[in-house]
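Visitor: Please take a single part of this model and go through it closely. I would like the cut-off behind each term as it comes up.

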Amino acid sequence: MPEQSDWPKQRIDGLDFQRLNLPPLFCNAPMIVRSIIIEHEIPSPITYAVEVSIELDSGERRWCFFCTPDSLDRFGDFLPNSTIRIHAAAAHMIVLSVLTKETITAAINELQRTGELLHATRPVNGTHAFLQGVWVFNGAKATFPSGVFTSRENAEAWITEHKLEGTLTLYPLDQSAYDHAIANGWFNPQAPNQKLPEFIQRFTSASQEHYHYERHESK
């Protein structure tokens with residue numbers, strides 16, 4: 001499977017956004033997908049789960065997560081006095097027998113074709129947008145953030161000026177990313193390790209509005 005760095009890149013306002021661009025589907029579905037962002041690499045197509053963000057032609061961004069039957073046996077709460085796991089509250093979960101870039105894309109195309117994409121995903125912006133927040137820039141391969149901004153416009157002006165590579169993410173004020181994701185129903189900690197300090201202090205969520213930037217070298 002090709003690495004994420006091999007995926008097509010979309011150039012917007014002088015910046016390269018890494019996106020998986022989908023061909024338009026001519027159907028009666030109410031939503032047309034412009035791009036898909038698979039948030040993490042998939043080291044195991046059989047036993048892994050991954051968050052996915054979807055951008056629509058309308059500009060709306062939506063979120064869901066994909067997993068496999070084998071991965072469901074590796075996380076989730078146990079029923080009392082048993083080794084049986086339960087996933088009753090796992091909203092916006094899409095199960096595939098194998099997880100790859102191709103199968104995720106095909107599944108989203110099919111949900112779009114049948115008009116089920118709205119039910120299978122949840123909005124990231126709109127009613128779930130932060131009333132107050134800051135934009136934090138993490139440079140490529142950096143350990144710590146290198147810039148914090150009150151607006152995306154200010155951040156992108158700085159990124160463009162210095163031709164930077166990295167990720168710009170919107171964070172809420174006076175609340176952790178972990179708590180904010182739980183409060184909005186974007187994340188439901190189920191596995192015991194998902195409630196440990198080590199997990200919480202490293203937590204990030206695809207539900208937070210974010211953009212990837214790569215330096216464009218003119219030829």
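Guide: Two strands count as paired when DSSP finds at least two bridges between them. Strands themselves are DSSP runs of E with at least two residues, helices are runs of H or I with at least four residues, and both are numbered from the N terminus. The model is predicted, so local features need pLDDT of at least 70 and side-chain atom pairs count only at pLDDT 80 or more, while totals for chains, interfaces and linings use all residues. Residue numbers start from 1 along each chain as its sequence is written, and side-chain values use heavy atoms, with hydrogens and water left out.

The chain has six helices and 14 strands. Four of the strands form an open sheet with antiparallel pairing, in the order E12-E11-E13-E14. Its edges are strand E12 (147–149) and strand E14 (210–213), each of which pairs on one side only. Neighbouring strands of the sheet are turned against each other by 20° on average, direction ignored; the axes behind such angles are lines fitted to C-alpha atoms, for helices over the stretch in contact, and angles run from 0 to 180 degrees between N-to-C directions.

The pairings can be taken one at a time. Three bridges hold E11 and E12 together in the antiparallel sense, and valine 136 faces valine 148 of E12. Strand E11 (residues 133–139) also pairs with strand E13 (residues 166–172), antiparallel and over seven bridges. Within that pairing, glycine 133 is opposite proline 172 of E13, and asparagine 138 is opposite threonine 167 of E13.

E13 is mostly covered, with five of its seven residues buried. Buried here means under 20% relative accessible area and exposed means over 50%, with partly exposed in between (1.4 Å probe, protein chains only). For the chain of 219 residues, the buried share is 42%.

Helix H4 (residues 152–162) lies across E11, E12, E13 and E14 and runs at about 160° to E13. Contact means heavy atoms within 4.5 Å. Which residues of H4 are buried? They are Ala155, Glu156 and Ile159. These residues sit on the same side of H4 because they cover an arc of only 95° around the axis, the arc being that of the directions from the helix axis to the C-beta atoms. Glu153 and Glu161 are exposed and lie on the face of H4 turned away from its buried side.

H4 is followed by lysine 163, which belongs to the loop between H4 and E13. With 56% relative accessibility, lysine 163 counts as exposed. Lysine 141 is placed in the loop between E11 and E12, and its phi, near 70°, is likewise positive. Lysine 141 is exposed, at a relative accessible area of 88%.

The nonpolar packing gives the wider setting. A nonpolar core is a set of buried Ala, Val, Leu, Ile, Met, Phe, Trp, Tyr and Cys residues joined through side-chain atoms within 4.5 Å. The largest one has 19 residues, and those with the most contacts inside it are Val50, Val52, Ile54, Phe66, Ile104 and Ile108. Strand E4 (33–38), strand E5 (49–56), strand E6 (61–67), helix H2 (101–114) and helix H3 (117–120) each give this core at least two residues. A second, separate core has nine residues, among them Trp135, Leu168, Leu170 and Tyr211.

For the chain as a whole, of the contacts between residues at least 6 apart in sequence, 61% link residues at least 24 apart.
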